[in-house]
Amino acid sequence: MVKILQSLVTGQIFAKETWKEAAAVAAPTVNVTLRRAVHGFYQLLLSIIVLGLICALDLVSWSESIYDSRRHIPRHCGRMQHDREGKGILPDIAYGRERRRYAVVTLLTTSSYVKQAEVLGKSLLVYSHLPCSVDMVVLILPRSDVTHQDVELLSQAGWMVETIPRLAAPERINSSTVKHARYIPLVSKLVLFNMTRYDGMLYLDSDTLVLGGIAELFSRHLPEMRRRGLNLGWVRDQGEQFRARSFNAGVMLVAPSKRVFGRLMRFLHEGAFEVSFAEQGLLNAFFGHHSYELDQRFNLLTTVPRENRTLYESIKHDVRIFHSTYFKPTCSFYLVRCFWHGTHDFCREWQRLEALQVKV
Ligand SMILES: *[C@@H]1O[C@H](CO)[C@@H](O)[C@H](O)[C@H]1NC(C)=O
Ligand SMILES: *[C@@H]1O[C@H](CO)[C@@H](O)[C@H](O)[C@H]1NC(C)=O
Ligand SMILES: *[C@@H]1O[C@H](CO)[C@@H](O)[C@H](O)[C@H]1NC(C)=O
């Protein structure tokens with residue numbers, strides 16, 4: 001700049017050298033400024049698009065929410081409940097208050113899932129139509145980072161908190177062999193089969209959401225499982241990776257048995273199974289097809305709407321349990337991701353329940 005001004009003064013403005021020199025001095029600064037401006041502009045544009053998308057998803061009703069029509073009936077203790085078909089639940093569930101025979105349980109391996117468990121608890125209170133004789137239990141592991149405040153939050157959402165022994169994973173289930181390190185402590189799920197004080201338990205991963213009546217699992221499916229001598233009921237895993245060949249361990253109807261638990265513990269250390277999905281691989285190898293198949297309405301995985309449209313269309317109006325696989329409800333841009341996967345209605349329901357105040 002100074003050079004150009006100088007040349008103006010001295011009348012050498014058209015001298016070639018002066019321009020070359022000036023350009024050499026100015027070019028890097030101009031380039032950097034220009035690049036910054038363009039970069040900033042693109043960032044702004046991207047933010048506007050993303051924010052616009054979020055607002056659109058939130059404010060514009062793309063479809064009538066599937067759940068708007070469902071009545072919100074918070075769990076009301078001491079009264080006969082009715083399942084979705086309007087039939088009364090078997091009396092031994094409704095009135096078995098002296099002996100708590102059934103439970104819905106989830107496992108928190110770290111406190112980072114407290115929020116999810118809280119929303120799951122509310123969804124059970126609002127949609128499950130389970131009688132109060134069914135316990136709701138959050139299992140935590142010894143030396144857990146779950147705090148007293150967390151326990152308070154969980155109990156407001158209907159949960160009791162119980163510590164179970166941590167089952168040590170065998171050496172071959174380690175951070176270099178599993179798909180995600182967070183799967184390793186899930187081996188403790190096997191303890192469910194040891195909890196014989198219950199006749200039946202419904203295990204739910206904390207990233208599931210109950211959206212409809214599930215009492216029939218205890219009143220109809222569990223007795224059928226027992227009749228056939230089966231200890232586990234679950235839903236097929238869908239998606240490119242699994243192609244319905246194996247089952248998903250995120251929702252499990254368990255008939256506890258000390259004998260089965262003993263065999264499972266031996267299998268954990270000596271059996272042959274796929275370790276990348278930790279306990280899920282183990283349970284699939286152990287039970288194989290000697291288990292009870294529940295239909296996809298009881299564990300709708302995030303991938304189903306995009307990867308198996310026919311299946312999704314046939315069950316979407318009667319989904320009882322939705323399972324946020326792949327990404328969690330607490331992750332950023334949750335609704336945008338849900339929209340991409342076609343699970344937007346379920347995710348919005350998660351957010352609605354999160355904001356809901358419940359009294360137990
Ligand atoms: C993890 O498991 C693999 C396969 O069994 C084994 O080779 C490896 O040594 C294990 N790593 C650790 C750190 O235990
Ligand atoms: C299994 O349950 C029994 C009580 O029924 C208990 O004594 C034992 O410690 C449990 N085992 C494990 C590994 O949880
Ligand atoms: C979709 O689901 C149906 C019902 O479970 C199954 O028969 C079919 O094979 C699935 N299709 C694909 C592509 O996975």
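Predicted model: local features only at pLDDT ≥ 70, side-chain atom pairs only at ≥ 80, totals over all residues.
**View 1. Packing of helix α4 against helix α5.** Helix α4 spans residues 114-127 and helix α5 spans residues 148-156. Two packed helices are described by the angle between their axes and the distance between the axes. For α4 and α5, the angle is about 20° and the axes lie 8 Å apart. Angles under 35 degrees count as roughly parallel, and α4 and α5 are therefore roughly parallel to each other. The crossing of α4 past α5 is right-handed. On the α4 side, the contact is formed by Val114, Ala117, Glu118 and Gly121, which meet Asp150, Leu153 and Leu154 of α5. By class, the residues of this contact between α4 and α5 comprise four nonpolar, one polar and two charged.

**View 2. The surroundings of ligand 1.** The residues around ligand 1 are Glu171, Arg172, Asn174, Ser176 and Thr177. Three residues of this shell are polar and two are charged, while no nonpolar residue is present in the shell around ligand 1.

**View 3. Gly271 in the loop between α7 and α8.** Gly271 belongs to the loop that joins α7 (258-270) to α8 (278-287). Gly271 has 13 other C-beta atoms within 10 Å and is therefore partly exposed. When residues up to four places away in sequence are not counted, Gly271 touches Ala285 and Phe286. Between Gly271 and Ala285, the separation is 14 residues in sequence and 8.4 Å in space, taken from C-alpha to C-alpha.

Note on methods: Residues numbered from 1 in each chain as written. Chains lettered and ligands numbered in written order. Axes fitted to C-alpha atoms, helices over the stretch in contact; angles between N-to-C directions. Helix = DSSP H or I, 4+ residues; strand = E, 2+ residues; numbered from the N terminus. Parallel < 35°, antiparallel > 145°, perpendicular 65-115°, else oblique. Left-handed = near helix turned anticlockwise from the far one by under 90°. Contact = placed C-beta atoms within 7 Å. Nonpolar A, V, L, I, M, F, W, Y, C, P; charged D, E, K, R; others polar. Near = placed C-beta within 6 Å. Buried ≥ 20, exposed ≤ 12 C-beta atoms within 10 Å, placed from the backbone.
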